[in-house]
Amino acid sequence: MSNNLDIIRSLYKAFAIGDIPAVLAVFSPDMHWTEAEGGPYGGVFIGPDAVLENVFMKLGGEWNGFAAVPREFVADGSTVVALGEYSGSYKATGKSFKAPFAHVWKFEDGKVVSFQQYTDTVVHQRPLQA
């Protein structure tokens, strides 16, 4: 891939089809993944294995049709911002949601070194309530 923007575009495409190994392959071994505080998986996770276990496995196991669909990208140097929308149905309650997101991706040497999530955590939490 020629640049960071291309890598992020491919990452979202891989996530959409469930190719999680392709997503994890662009993460540096010590990358920092930050889920918004107050959200279902809020916290900081270090490294691809921690992201897999604490975010991706939960999304796959607890949600039907979870999607993170980017609508716009902004790139500047080693930073790529994706603006888009989450959607899905929480399996335990059957309730659905849609919420906007902003994802800030930072790169070093062609690998993702950090991810920061911004979203409406109240909207994201609603489907979890019985």
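Predicted model: local features only at pLDDT ≥ 70, side-chain atom pairs only at ≥ 80, totals over all residues.

Student: Which class of aromatic pair do Phe66 and Tyr86 form, and how many aromatic pairs does the structure hold?

Tutor: The ring centres of Phe66 and Tyr86 are 5.5 Å apart, with 40° between the planes. Because planes under 30 degrees apart count as stacked and those over 60 as edge-to-face, the rest being tilted, the pair of Phe66 and Tyr86 is tilted. It belongs to a structure whose count of aromatic pairs is 16.

Student: Which parts of the chain does the pair of Phe66 and Tyr86 tie together?

Tutor: Phe66 lies in strand 3, whereas Tyr86 lies in strand 4, residues 79-90. The two residues are 20 residues apart in sequence, so the parts tied together by the pair are strand 3 and strand 4.

Student: Why does Thr34 count as buried, and which residues is Thr34 in contact with beyond its neighbours within four places in sequence?

Tutor: Thr34, which is placed in strand 1, has a relative accessible area of 17% and is therefore buried, the limit being under 20%. Once the neighbours within four places in sequence are set aside, the contacts of Thr34 are Gly43, Val44, Phe115, Gln116 and Gln117.

Student: How many cavities of 30 Å³ or more are there, and what is the volume of the largest cavity?

Tutor: The count at this threshold comes to 2 cavities.

Student: Which residues lie nearest the centre of the largest cavity, and how is its lining divided by class?

Tutor: The lining of the largest cavity is made up of 18 residues, and those nearest its centre are Phe15, Trp33, Phe56, Ala68 and His103. Elements that give two or more residues to this lining include helix 1 (4-16), strand 1 (27-35) and helix 3 (48-62). By class, the lining has 14 nonpolar, 3 polar and 1 charged residues.

Student: What is the volume of the second largest cavity, and which elements each supply at least two residues of its lining?

Tutor: The second largest cavity holds about 30 Å³ of space, and its lining includes Glu35, Tyr41, Gln117 and His124. By class, that lining divides into 3 nonpolar, 6 polar and 1 charged residues. The elements that each supply at least two of its residues are strand 6 and helix 4 (121-125).

How values were computed
Residues numbered from 1 in each chain as written. Heavy atoms only, no water. 1 Å grid on protein atoms, 1.4 Å probe; cavity = no way out; pocket = protein on both sides within 12 Å on 5 of 7 lines; lining within 4 Å. Points joined across faces, edges and corners; volume = space filled by probe spheres on them. Helix = DSSP H or I, 4+ residues; strand = E, 2+ residues; numbered from the N terminus. Nonpolar A, V, L, I, M, F, W, Y, C, P; charged D, E, K, R; others polar. Buried < 20%, exposed > 50% of the residue type's maximum accessible area, 1.4 Å probe, protein only. Contact = heavy atoms within 4.5 Å. Phe/Tyr/Trp six-rings, centres within 6.5 Å; stacked < 30°, edge-to-face > 60°.
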